[in-house]
Amino acid sequence: MTHDARREFYVTAITILENAQLSFSLLRDQLVDLSWWESKVGAVSDAKRMSVTKEFALMVKWFTFHALAMAVDETLGAIQHAAPNVFHIFGHPTLKKTYTKIPEVTGKQELKPFLDVLRETRNTIHTNGVYSQPGVNSRS
């Protein structure tokens with residue numbers, strides 16, 4: 001019996017994007033509405049409302065990208081664990097090794113640059129700054 005991991009990825013991606021859509025709907029319908037603020041918080045300055053609204057939008061964008069990247073990570077990890085003899089990775093199966101080995105074995109090497117950008121961007125967001133492994137891509 002075979003199982004196609006794409007289904008789980010697509011279901012997860014749809015859920016993430018639905019939540020992003022809901023968040024932006026709440027932003028549009030509530031956070032920009034002065035009467036909503038007055039009913040929930042009371043008097044709030046325009047500057048504070050704008051600041052909170054912009055930060056909320058940024059948080060939604062950050063979460064959406066990060067969650068989609070994590071879904072890719074989990075999907076590739078599940079593929080690797082489902083067929084460890086096919087996708088044999090020496091040592092600890094780091095994301096970098098998984099992101100390299102799976103496209104190599106499946107003949108999808110054209111995805112590697114995209115996966116590298118995705119992995120590095122996710123790591124940078126996750127660590128709240130430029131991500132680099134000790135001794136790799138480090139600046140002196």
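1. Overall make-up. The model is a predicted one, and its secondary structure comes to five helices and zero strands. Read from the N terminus on, the order of elements is therefore simply α-α-α-α-α. The protein has 140 residues, of which buried residues make up 25%.

2. H1 against H3. Helix H1 covers residues 6–31, and its axis comes within 10 Å of the axis of H3, the two crossing at roughly 175°. Because an angle over 145 degrees counts as roughly antiparallel, H1 is described as roughly antiparallel to H3. On the H1 side the contact involves Phe9, Thr12, Ala13, Ile16, Leu17, Ala20, Ser23, Phe24, Leu27 and Leu31, while the residues they meet in H3 include Thr53, Phe56, Ala57, Val60 and Lys61, and also Ala71, Val72 and Thr75. Sorted by class, the residues of this contact divide into 15 nonpolar, five polar and one charged.

3. H3 against H5. Helix H3 (residues 46–82) also packs with helix H5 (residues 112–126), here at an angle of about 125° and with the axes 10 Å apart. The two helices are therefore oblique to each other, and their crossing is left-handed. H3 contributes Trp62, Phe65, His66, Ala69, Met70, Val72, Asp73 and Leu76 to this contact, and H5 contributes Leu115, Leu118, Thr121, Arg122, Ile125 and His126. By class, the contact of H3 with H5 has nine nonpolar, three polar and two charged residues.

4. H4 against H5. The axes of H4 and H5 come within 10 Å and cross at roughly 165°, so that these two helices are roughly antiparallel to each other. In this case the crossing is right-handed. The residues in contact are Leu95, Lys96, Tyr99, Thr100 and Pro103 from H4, together with Lys112, Leu115, Asp116, Leu118 and Arg119 from H5. They divide into five nonpolar, one polar and four charged residues.

5. Which residues does Asp73 touch, not counting residues up to four places away in sequence? Asp73 is found in helix H3, and it touches Leu95, Tyr99 and Arg122. With a relative accessible area of 10%, Asp73 is classed as buried, because buried means under 20%. Asp73 and Arg122 are also both listed in the contact between H3 and H5.

6. Two residues with more accessible area. Is His3 buried or exposed? This residue lies in the segment before H1, and at 63% relative accessibility His3 counts as exposed, since the exposed class begins over 50%. Although His3 and Ile79 are 76 residues apart along the chain, their C-alpha atoms are separated by 9.7 Å. Val11 lies in helix H1 and, with a relative accessible area of 42%, is partly exposed. Val11 and Ala71 are 60 residues apart in sequence, and from C-alpha to C-alpha they are 10.0 Å apart in space.

Technical notes: Residues are numbered from 1 along each chain as its sequence is written. This is a predicted model: local features need pLDDT of at least 70, side-chain atom pairs count only at pLDDT 80 or more; totals for chains, interfaces and linings use all residues. Side-chain values use heavy atoms; hydrogens and water are left out. Axes are lines fitted to C-alpha atoms, for helices over the stretch in contact, and angles run from 0 to 180 degrees between N-to-C directions. Helices (H or I, at least four residues) and strands (E, at least two) are DSSP runs, numbered from the N terminus. Angles under 35 degrees count as roughly parallel, over 145 as roughly antiparallel, 65 to 115 as roughly perpendicular and the rest as oblique. A crossing is left-handed if the near helix is turned anticlockwise from the far one by less than a right angle, and right-handed if clockwise. Contact means heavy atoms within 4.5 Å. Ala, Val, Leu, Ile, Met, Phe, Trp, Tyr, Cys and Pro count as nonpolar, Asp, Glu, Lys and Arg as charged, and the others, Gly among them, as polar. Buried means under 20% relative accessible area, exposed over 50%, partly exposed in between (1.4 Å probe, protein chains only).
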